[in-house]
Amino acid sequence: MAARSIVDAANTSREEANELVNINQKAIAAMNSANYQGAVEILKAALLKHPQSALLKRNLSAALNNSGMTALKNQQFNKAIEVFQHALSLNPESKPAQTNLGVAHYNQGLFLIQTDKLTAAEEPLKQSVEELKITDNNELFQKSLTAYLSVLKKLNKTNLANTVDAKYKNGSK
């Protein structure tokens, strides 16, 4: 059944459809065993052979998102950001990847604040505000906005802080 729906959706032969199903099953098995990098490799190789496959792109985006979460948990912020951006390039509608990209920038900003690098923290926090404003997670957006405004004020950028605050007055995005 799954092979038939891929054939219908992608105008591929039954043989190609069966190949896509097998590839996706292997990738899903890798993801289910937390081998996200293995899933990424399987899907990247398959996408080279089937560059128009929306299913491969969506699943690669999901595998990349999981891989990015691993990097984020290990405080590898630049790697996580790069991986989430790649995931979004394959599936721009991925709400998890969009949210996680904002969270990665937010956590990077907080880390920089904790290491007394306020000037360096400004840009990732600004990015997190922009990325989280388009998600459904208002709580994360508000935390990010608060941190960004705090950094701007500590850097004596009061006018910019007031402008940003006015832009998002009353928690509106």
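1. Start with a single residue. N24 counts as buried, because its relative accessibility is 5% and the cut-off for buried is under 20%. N24 belongs to helix α2, which covers residues 14–32. Setting aside neighbours within four places in sequence, N24 is in contact with L43, L55, L56 and N59. Bear in mind while looking at these contacts that this is a predicted model.

2. The next point is the secondary structure. The chain contains 9 helices and 0 strands. Followed along the sequence, the pattern is α-α-α-α-α-α-α-α-α.

3. Overall dimensions come next. The radius of gyration of the chain is 20 Å, whereas a compact globule of 173 residues would have one near 16 Å. Along the principal axes, the C-alpha atoms fill a box of roughly 65 × 30 × 20 Å. These two results can be read together when turning the structure on the screen.

4. How much of the chain counts as buried? The share is 43% of the 173 residues. The chain exposes about 9,700 Å², and carbon and sulfur atoms supply 50% of that area.

5. Contacts across the sequence deserve a separate look. Among contacts in the chain with a separation of 6 or more, 47% are between residues 24 or more positions apart.

6. F111 has 34% relative accessibility, so it counts as partly exposed, a class that lies between the 20% and 50% limits.

7. F141 and Y168 also form an aromatic pair, and this one is edge-to-face. The distance is 5.3 Å centre to centre, with 70° between the planes. F141 lies in helix α8 (residues 138–154) and Y168 in the segment after α9 (158–167), so the pair ties together parts that are 27 residues apart in sequence. Both F141 and Y168 are buried.

8. D116 has a phi near 60°, a positive value in a residue other than glycine. D116 sits in the loop between α6 and α7 (118–132). Its relative accessibility is 71%, so D116 counts as exposed.

9. The other loop residue is N156. Phi of N156 is near 60°, again a positive value in a residue other than glycine. Where is N156 placed? N156 is in the loop between α8 and α9. With a relative accessible area of 67%, N156 is exposed, because the class begins over 50%.

10. A last point concerns charge.

Technical notes: Residues numbered from 1 in each chain as written. Predicted model: local features only at pLDDT ≥ 70, side-chain atom pairs only at ≥ 80, totals over all residues. Heavy atoms only, no water. Buried < 20%, exposed > 50% of the residue type's maximum accessible area, 1.4 Å probe, protein only. Phe/Tyr/Trp six-rings, centres within 6.5 Å; stacked < 30°, edge-to-face > 60°. Helix = DSSP H or I, 4+ residues; strand = E, 2+ residues; numbered from the N terminus. Rg over C-alpha atoms; globule rule 2.2 N^0.38 Å. Contact = heavy atoms within 4.5 Å. Areas by Shrake-Rupley, 256 points an atom, 1.4 Å probe, with all protein chains shown as cover.
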